[in-house]
Structure formats: structure tokens, C-alpha cells
Amino acid sequence: MRHVWLALSVGALSACAVGPEYVAPASDLPTHFAGSASLSRHDADHETPGDTTTLDTWWTSFHDPVLTGIVEQALAQNLDVQAAMARVAQARARAQAAGAQRLPSLSLDANVTREHQSLDGPLGVVARNIPGYNRNMTIYDIGAGASWELDLFGGLQRTAQAASALEQAAQAQRDGVRVSIVAEAADAYFRVRAAQRRLIIAQDQIDTDTRLMEIVRLRLNDGLATARELAQSEALLAQARTTLPPLRIERETQLNRLDVLMGAAPGTYARRMRVAAQDDALNARPLTIPAIGDASAPADLLRRRPDVIAAERKLAASNERIGASLAEYYPKLSLSGVLGFDTLAGGRVPSAATFQPLAALGLRWRLFDFGRIDAEVAQARGANAQALAEYRLSILHATEDVENAIVTLVELEQQRKDLASAVDAQTRARDSAQEAYTGGTVSLYEVLDADRQLLTVRDADARAQADNARAAVATFRALGGGWASGMRSMAQTQPLRK
């Protein structure tokens, strides 16, 4: 009973953990983003009744089945996501191993040893003169052992909690990879669509400039134009043709980028996506820019941005390491025991005569180690200060990303509206030139020149539409959209210990 009470008393002491209790740092964030008012006006322009954007699956709000298919395939097959999932599995295993250190361990050992004794060895020199001495012997040994390090001052507890926090950080980093992959896939897709549409517009420009050059050549033959005008028209046509290679490069490189994001070799899905993007461009299907809807609370970044969550979890882990280091100042006790049987006769295992129990109480105390523990504690405190600075920096970067994304989205939206007005005005100017040409008041040269200017504005408008869609993608990414937000900052939803 004395031994039982001793074990219970020591176990009660193990509930005491030294070191600082973790408290999530306060974040001094504004109540609204600086550009939230402008964003609200943007949302009002794009909002439709019953249409709300869910940040977890924001890409569906573009109402583009091709984009949705690309994102879903990227999430299912992307190798960066798979690598992040593997890192989570490793972190989970480390957390389980650290937690198991606090529990008793049991082992079973058994061995049979066959030995031919040396006559010149210590035992052989003494025993060789004994009548009937047998140099050959077989030793049978079987036993079950148990050991338990008593966590008197919480060193193992702190280590286990640090590993658990790092597992949560790995999960947040995995979600961050998902956010990045979704955003990159959407960005590449919109760049493909823009390149395809601009290629069609550029080809229209080449056709227009070709007709213009033929008119100038005919006028030159009739003595109504000069060689200088013909050279200018030829240069204009050549300049229009130079716009095709960069656009083809953009289209093909972004298609290759999409293939890699979807975990496939470049060229695997390129043909299918090229046809889909070309159909959209030929049909002049406009890009749908959804309302953002959820950017009025910077404090939400603490629970939505995976990088902020990961930084906070790493801060919690560094705090626990301080406690683990401080626990090294105190003694460590361990209990161990063995229930075994040892004999030279195999038939007597087990029996009362061969029973060989063993119990031990161990003590380890680093009383004097030339300041090694002091150095370990100082290193843990320094790592904690670094983690705190990185956590605060992650919040600043998060708010910076959102502010930059909002102002870019709003300004590009205004640019797109102005370009739409310019396209409308230039269309009317081209139509007026055609009517004037029909009436004989202007030459065909002026009509084609007006058409060329219209194509130039259309190209700028196509580029602006894609940039506007990409800015919306960047905004969703900055807000932390693209992952199921069931996980929250652990410091806000549950204490690290009770």
C-alpha cells in the first residue's frame, strides 16, 4: 500500500507544469478596411438577387463550368496539395509520438542463448576442474517489463502540446496551399481566356490592315497615293502581325501552367481548354465578376487566413517549448519493473524457482551542467520572441494584401467601365464613317482607319476584363477564401490546456 500511495502522490505532482501559460496576443486591427466603402460600391454593381459569394467555394460565383472543373481537378490532383497533406500526416505522427512519451511503456522480451564456455575464461578457469563440468549450456530468459517517466513538472506535457500546436500549424499550411492552388488555377484560366480573345481581335486587326494596304496599293497604281503611304500601310500590317507571337506564348505557357497545377504533364488538357476558351472568345461571352461581399472586418483574417493561423499556432508551440526547457531545472523520476524467468533448463520456464522480478525507481537531476539549461531556456525564449514578431508580421501582410487587392479591384473596375464606354463611342464613330463612305463624303481609307482604332480599343477592353477577373481572384485569395473554414485560430476557440 505504501508503494501504491507513493505512485499516486507522484502522479498528482505530475499535473504541475512549469512555464508561462499561453495567451493569444491581442491584435490591434481597424474595424474596417480602408477600401471597404469603394468595394461596397463595386459589389452593388455586380450583386444579383439571391447571389451571395461563399468564400469557401468562391470560384463557383464566376458561373463558369470550365473554371469550376479546373479548380476541382487541381484540388484533387495537385502535387503541392498532396505534399502538404503528407506534411500534415508527419506532423500528426510526431504529435502522437510526443503524447505517447507521457504514458507507460510495456515490453516483452524472450531469448535463448546457446554457449560453449571457454576453459581459459574467468568462469572456465574456476569450473574446469569440477567433476562433471559441462562446457555447453543453454540459457532461457523471458520477461515482461514496464517503465514510466513521471512528468513531475510538465516537461513532457509541454513537449506534447508543442507538437500538437505544430500539427495544427501544418494543417493551416495545407489549407494555405489549397488557397494558393485555387487562386493560381483561376488566374491562369483567365489569362488563357484573355489571350484567346485578344488573338481573335488581333487577327481582325491584321485583316483590317491587309484590306487597308490593298486599297493603298490600288490607289498607288491609279496615281492617287504615294509610295510613302504604301510603306506606312505595310509597316502597320507588319506591326499588327507582331502582336500574335506574344499572345500565343501567353496562351500556351498558361495552358502548361494549368496542366502542372492539375498534376499532369504539359499538353495533357491543353487542347480541351484551348477549344473551350476559343469558343468563349468567339461568342464574346463576357467574364462574370462576382460581388466580394465579406471584406468589412479585418479581424476576420485571424480566423480565415491560413498563414495567420499557422503563425499563431507556431507561436503557441514556441511558448510550450519555454515550459519544456524550464522543466529541465527540476528532477525527473522514473519507475520501471520487470517480471521475468531465468534458467538453464528450458522445461522449468515458468516456475517459482525461475521467477526473477525487478523494480527500480530512477532519479535524474541536472544539477550542474555549466549553463546548458540556461542556454536552452534563453534559446526557447528567443524563438518565442521571433514567433511573436512573425505572427504580427503575418497579420500586417494579410491586411496589406487585402488593401492592395481591394484598391486594384476597384480601380480596374473603373478602368473597365471607361474602356466599355470607349468601345461604344468608337463603334459609333466607325459606324458614322461607314455611313459617310456610303454617302461618298469620306474615303474607304478613313473607314478602315476607324475600324482599326475600334479593334485597338477592343483589345484594351479584353485585357481589362481579364485583369478585372484576376483582381477579383486576388481579392478572394487575400481574404483567405478557398478552404473550409471549420478550423479557427486555436487560441480563440479552445485553450491550450485546461
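pLDDT is the predictor's confidence in each residue, on a scale from 0 to 100. Keep it handy, since this is a predicted model.

Q: What is the mean pLDDT of the protein?
A: Start with the share of residues that reach 70 or more, which is 85%. The mean pLDDT for the protein comes out at 82.

Q: How many contacts beyond near neighbours in sequence does the model have for residues 486–498, where pLDDT is below 50?
A: Another stretch, residues 10–14, also stays under 50, and the model gives it 6 contacts beyond four places in sequence. For residues 486–498, the number is 32.

Q: Is Asp-64 buried or exposed?
A: Asp-64 sits in the loop between helix H2 (36–46) and helix H3 (65–77). Its side chain reaches the backbone nitrogen of Val-66 at 3.0 Å. The cut-off for buried is under 20% relative accessible area. Asp-64 has 3% relative accessibility, so it counts as buried.

Q: Is Leu-287 buried or exposed?
A: Leu-287 is in the loop between helix H9 (270–282) and helix H10 (301–304). Leaving out residues up to four places away in sequence, it touches Phe-190, Arg-193, Gln-465, Ala-466 and Ala-469. Its relative accessibility is 14%, so Leu-287 counts as buried.

Q: How far apart in space are Leu-287 and His-63, C-alpha to C-alpha?
A: In sequence, Leu-287 and His-63 are 224 residues apart. In space, C-alpha to C-alpha, the distance between Leu-287 and His-63 is 9.0 Å.

Technical notes:
Residues numbered from 1 in each chain as written. Predicted model: local features only at pLDDT ≥ 70, side-chain atom pairs only at ≥ 80, totals over all residues. Heavy atoms only, no water. Contact = heavy atoms within 4.5 Å. Helix = DSSP H or I, 4+ residues; strand = E, 2+ residues; numbered from the N terminus. Buried < 20%, exposed > 50% of the residue type's maximum accessible area, 1.4 Å probe, protein only. Polar contact = N/O pair within 3.5 Å; in protein donor to acceptor, adjacent residues only side chain to side chain.
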